[in-house]
Amino acid sequence: MKISLGKWLLPLYTVLALIFLMVPIVYTFVFSFNDSLKSNITWRGFTFDKWLNVCQVQNGAVCEAFGNSILIGVVATVAATTLGTMIAIALVRYRFRFRSQTSLLLFLPMATPEVVLGAGLAAQFLSLGVPKDMSTIILAHTMFCISFVVVTVKARVASLDPALEEAGRDLYGSATQVFARITFPLLLPGILAAALLSFALSFDDFIITNFNSGAVTTFPKYIYVSAARGIPAEANVIASAVFIFALVIVVTAQVSRAAKEKRLAKLG
Amino acid sequence: MAFAAFSTSTTAPEPAPRRKSPIALLLLLPGILYLVLFFLAPLVSLLLTSFQAPSEFGDVGQYSYAFRWENYVDVITAYWPHIMRSFGYALIATLLALVFSYPLAYFIGVKARPWPLLQSLMLVLVIAPFFISFLLRTLAWKQLLSDESFVITSLKALSLLAPDAHFTGTAFAVIFGLTYNFIPFMTLPLYTTLERLDLRYLEAGSDLYAHPFDVFRKITIPLSMPGIVAGTLLTFIPAAGDYINASRDFLGGPDTQMIGNVIEANFLVLQNYPAAAALSIILMSVILVIVSVYVKRSGTEELL
């Protein structure tokens, strides 16, 4: 009997590959229930304690770092999403000079290793005598998020039917009305996707943050600094909670998109 | 196209007629100015810093502007192994990620087409590692690969591993970590191209009595080239500059330090800013050469 590659070998491989990808996630989740002492390496028994008292350890250092990461993520996301969306609209809708140079400038930050972005900004702040604190982290995060926002929103602008806006103008809608009531609502899914991506990039960034944070601790930086002496299980709790939260958002988005496509298919 | 792999839309409709308008400038200016100030200017200050010389009567970490090109000679002689190691590790990790991801992306993008829900579920699983902290998932591997972990001890008990086998702190562990961490960057662009692969070309190949292997080699691979190029770039760039996996507190050891580790140490610990800057410029230049080869292939308009 001939063994067909696609028949069972490929599905089996896919299942094993996906399980392999899940290993560190499951590990982190399981060890958030470990009744550990200072470091969280050996299994000492099951407990809900760490989930219930996340902020108790080290006078709440984990939670403070987490709070900083949320604050930085939100501010950088709002800034990058605003700037990036404006660029995306201009790129799709308008003709202008230096177009290819603009594209290159938007592409390069994504192609630059993070360590170069981080060291470059740090060198600039150093030569200007700018002290490193929360605001330098926010400036850095906004910078590397802009390009990703442009890529995400641009696709949405390109798929937008210009006839809808023309209809609005034909019905004597002012430019502001057309934008606020037609263009913006239609772009919203793309803008939200870009904002989520920005927040995820900012929240998990360590390399660029490390160069520009000074004494401020973010969640990834907290893990890096504590790695040598052992990371408390509370860090696993926060990471697991964030994981579940992100998963719920993505699955909800997928399901609602599938439902919408089904509805549209029914309409013919 | 390369980086559009991460975007949500899969259909590229007709481009709308483009107008000239002063509004374009208003829309572009704030963002472009931001990137000039916080992306381009820092690269320039990195370049200037890389030529700085120690101040004559200054303390450690005091430098003044000069044209000390010997900085480059110094860092290349001092850190030659680290530079080579970075690109070597990144290259191996990229190839491993490609070999790992291709069949996975092929199954999700081609074989699973009749079941869209299964497709999106599997895609969520592929990107799921992004939702858990990069540093924690790397530490999880450190603990799973350590000598005392139950995985390693049971493999040794079953004689599947040599009793003196050791992983953490070795090149193996660092390359393993780099591969694992950047697999989604490889799988997603591969999936995006394979998902659009027209299967009739493959049928035509087999109708003309081509061996399945030849169909794969001469039709499937060339047609999925955009995904392969994008995936290798997206994996290689962050892998070459990474310093988490190779860090001593994570998967690395004293003999696995990469260029990122030396940049970090020189900048943040030793306060040898010119050395850190020169190493960054070297890393950036190599990446730019690789990227420009790609730009020549596809043009700047296609990049986004």
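User: What pattern does chain B follow when read along the sequence?

Analyst: Residues are numbered from 1 along each chain as its sequence is written, while chains are lettered from A and ligands numbered from 1 in the order in which they are written. Chain B has 11 helices and three strands, where helices are DSSP runs of H or I with at least four residues and strands are runs of E with at least two, numbered from the N terminus. Along the sequence, the pattern of chain B is β-α-β-β-α-α-α-α-α-α-α-α-α-α.

User: Which stretch of chain B has a pLDDT below 50?

Analyst: Chain B averages a pLDDT of 88, and 91% of its residues score at least 70. Beyond near neighbours in sequence, one stretch has 35 contacts in the model although its pLDDT is below 50, namely residues 1–14 of chain B. Where pLDDT is low, the predicted coordinates should not be read in detail; the stretch in question is residues 1–14.

User: What ipTM does the predictor give the complex?

Analyst: Chain A averages a pLDDT of 90, with 97% of the residues at 70 or above. For the complex, the predictor gives a pTM of 0.89 and an ipTM of 0.90.

User: Which helix of chain A supplies the largest share of the side that touches chain B?

Analyst: In all, 83 residues of chain A are in contact with 83 residues of chain B, a contact being two residues whose C-beta atoms, placed from the backbone, lie within 7 Å. The largest share of the chain A side is 13 residues, and these come from helix H1 (residues 5–30) of chain A.

User: Which residue of E1(B) is the bridge partner of Arg95(A)?

Analyst: Strand E1 (residues 94–95) of chain A pairs with strand E1 (residues 19–20) of chain B in the parallel sense over two bridges, and pairing requires at least two bridges found by DSSP. Within E1(B), the partner of Arg95(A) is Lys20(B).

User: Is H10(A) roughly parallel or antiparallel to H4(B)?

Analyst: Two packed helices are described by the angle between their axes and the distance between the axes. Helix H10 (residues 219–226) of chain A and helix H4 (residues 134–145) of chain B have axes that come within 9 Å and cross at roughly 30°; axes are lines fitted to C-alpha atoms, for helices over the stretch in contact, with angles from 0 to 180 degrees between N-to-C directions. Under 35 degrees counts as roughly parallel, over 145 as roughly antiparallel, 65 to 115 as roughly perpendicular and the rest as oblique. Therefore H10(A) is, relative to H4(B), roughly parallel.

User: Which residues of H4(B) meet H10(A)?

Analyst: On the side of H10(A), the residues are Pro220(A), Ile223(A) and Tyr224(A). Their counterparts in H4(B) are Phe134(B), Leu135(B) and Leu136(B).

User: How far apart are the end C-alpha atoms of residues 23–48 of chain B?

Analyst: An unreviewed UniProt entry lists residues 23–48 of chain B among those under "transmembrane region". This span is 100% helix and 0% strand, and its end C-alpha atoms are separated by 36 Å.

Key. Predicted model: local features only at pLDDT ≥ 70, side-chain atom pairs only at ≥ 80, totals over all residues. pLDDT = per-residue confidence, 0-100. UniProt positions renumbered as here; feature names shortened; annotations may be inferred.
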